[in-house]
Amino acid sequence: MQTDVAIVGAGPAGTFAALFLAKFGVKCKLIDKQKFPRDKICGDGISGWVLTVLNELDKELLAKLSKQDFLVHSHGMRIVAPNSSILDLPFMDDGSFGAGIPPGFICRRIDFDNFMMEEAKRRPEIEVLEETEINEFRRGKSGIVLNSKNRDVRISAKLVIFASGVNSKFMKEPGGILKDKKFTMTGIRAYYKGVSGCHPQNYVELHFLKGLLPGYFWVFPLPGEMANVGVGLDRHRIGKKKINLKKIMLEAIATNPYLKTRFKDAEMIENIKAWQLPLWDGRRKLSGERFLMAGDAASLVDPVTGEGIGHAAITGMLAAKQARRSLEENDFSSAFMSRYDDRLYKKVGKELDISKKILPFIQYERVFNRVINRASGSKVLKEKLILALTDLEERKKLKNPMLYLKIMLGM
Ligand SMILES: Cc1cc2nc3c(=O)[nH]c(=O)nc-3n(C[C@H](O)[C@H](O)[C@H](O)COP(=O)(O)OP(=O)(O)OC[C@H]3O[C@@H](n4cnc5c(N)ncnc54)[C@H](O)[C@@H]3O)c2cc1C
């Protein structure tokens with residue numbers, strides 16, 4: 001099979017890339033080893049960047065998504081400190097996505113990814129190949145040749161977008177990305193029914209537990225009184241402190257004073273499952289001759305919040321834009337492809353750099369407790385934190401040690 005663009009992986013990075021290519025009139029093949037609908041272990045929080053990119057792709061598709069009954073509209077974040085102080089931060093909502101469209105959704109990935117996949121299947125420019133695991137790539141005379149595991153599919157493409165997630169073998173070769181335990185988080189997730197006390201506006205809840213910092217326990221409300229409940233921490237700390245995430249999660253539910261009352265009548269409706277999050281650990285090249293790395297395969301998860309779907313969407317969009325340019329100019333050289341890296345870092349580089357720098361401050365329990373205590377009683381500090389969720393200049397201030405010193409001293 002011949003194609004201009006082949007996309008390996010049909011998670012958010014892959015489907016966004018395919019749908020943008022279709023919008024530009026470029027034909028592509030979208031390949032996934034699984035059959036959809038398929039699950040992806042995740043917190044299921046669909047935040048700002050996803051909506052922004054979807055809005056650029058197709059306003060009507062965003063409006064259609066917002067009306068689906070498989071999701072809830074989420075309007076904020078609840079942070080619970082190790083000492084149980086609570087801080088509610090509403091998301092800024094300037095109404096820019098249109099009436100009735102909130103600043104965030106929470107939605108099981110089996111539903112969200114399938115919604116995007118169904119849209120891809122409707123587009124004549126996209127040929128979808130499911131249950132096709134690509135396990136070999138090699139350079140041919142005029143492109144890249146991909147072979148499936150069973151050797152029943154052979155694709156020759158002018159350009160390949162690798163969007164095959166955190167366990168992708170293509171991350172290392174050709175991607176050149178090596179995983180570091182300090183920047184790989186393990187996350188576990190279970191679905192519960194009947195968790196009480198969730199915020200009426202479906203705030204995502206991050207509970208920073210004693211002994212788990214900078215990791216956290218989360219409760220993300222879903223439709224039908226369901227909730228996505230999980231815990232995440234980097235693999236370096238898990239190994240060093242011999243932490244059992246499953247034990248921590250179940251103990252917190254059974255003994256944490258705030259959580260145990262809320263889980264009193266709750267029932268786990270699916271077993272706990274684990275997956276990895278490849279955290280951002282600095283700028284590196286994410287492209288090469290005839291290929292681009294996207295989403296988790298490019299290791300772009302925010303190291304503080306654990307969000308990766310937004311960056312998957314952005315890389316999907318930018319990869320499609322670069323593919324269109326390469327095809328127009330007939331230039332697939334490494335130098336030309338690196339414009340993708342430049343555009344990506346221009347968009348999210350600063351934000352990721354800041355997150356990496358804030359991370360060390362989150363591990364100190366006393367500092368954390370004090371900041372949340374102060375912010376819950378101070379309108380000014382709370383407003384600064386709300387602004388920092390969306391404003392980079394405000395977020396930059398959070399990486400300044402002096403800010404924490406001032407808060408500790410009550411200044
Ligand atoms: C526990 C946990 C909680 C999380 N919570 C959140 C959250 O609340 N919000 C958020 O924004 N992010 C969250 N993330 C991160 C988020 O899940 C990922 O960043 C996101 O899924 C990345 O999308 P992707 O398209 O790059 O990869 P994926 O979604 O992993 O998709 C990759 C696709 O590639 C396919 N594939 C893999 N190998 C091959 C192959 N060889 N051939 C063909 N197909 C292949 C797979 O089947 C899969 O469909 C969480 C992650 C975890 C583990």
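## Domains

The model is predicted, and local features need pLDDT of at least 70, side-chain atom pairs count only at pLDDT 80 or more, and totals for chains, interfaces and linings use all residues. Residues are numbered from 1 along each chain as its sequence is written.

## Ligand shell

Around the ligand are 40 residues, of which Gly 11, Gly 43, Gly 187, Gly 295 and Gly 308 come nearest; a residue is near a molecule if its C-beta atom, placed from the backbone, lies within 6 Å of it. Domain 1 and domain 2 each contribute at least three residues to this shell.

Among the elements that each supply at least two residues of the shell are helix 1 (12-23), strand 12 (184-193) and helix 8 (309-329), where helices (H or I, at least four residues) and strands (E, at least two) are DSSP runs numbered from the N terminus.

## Helix 6

In helix 6 (residues 245-255), Leu 245, Met 249, Ala 252 and Ile 253 are buried, with 20 or more other C-beta atoms within 10 Å of their own C-beta atom, placed from the backbone. These buried residues fall within an arc of 95° seen down the helix axis, so they line one face of helix 6; the arc is that of the directions from the helix axis to the C-beta atoms. On the other side, Lys 247, Ala 254 and Thr 255 are exposed (12 or fewer such atoms).

Terms used:
Domains from an automatic or database assignment.
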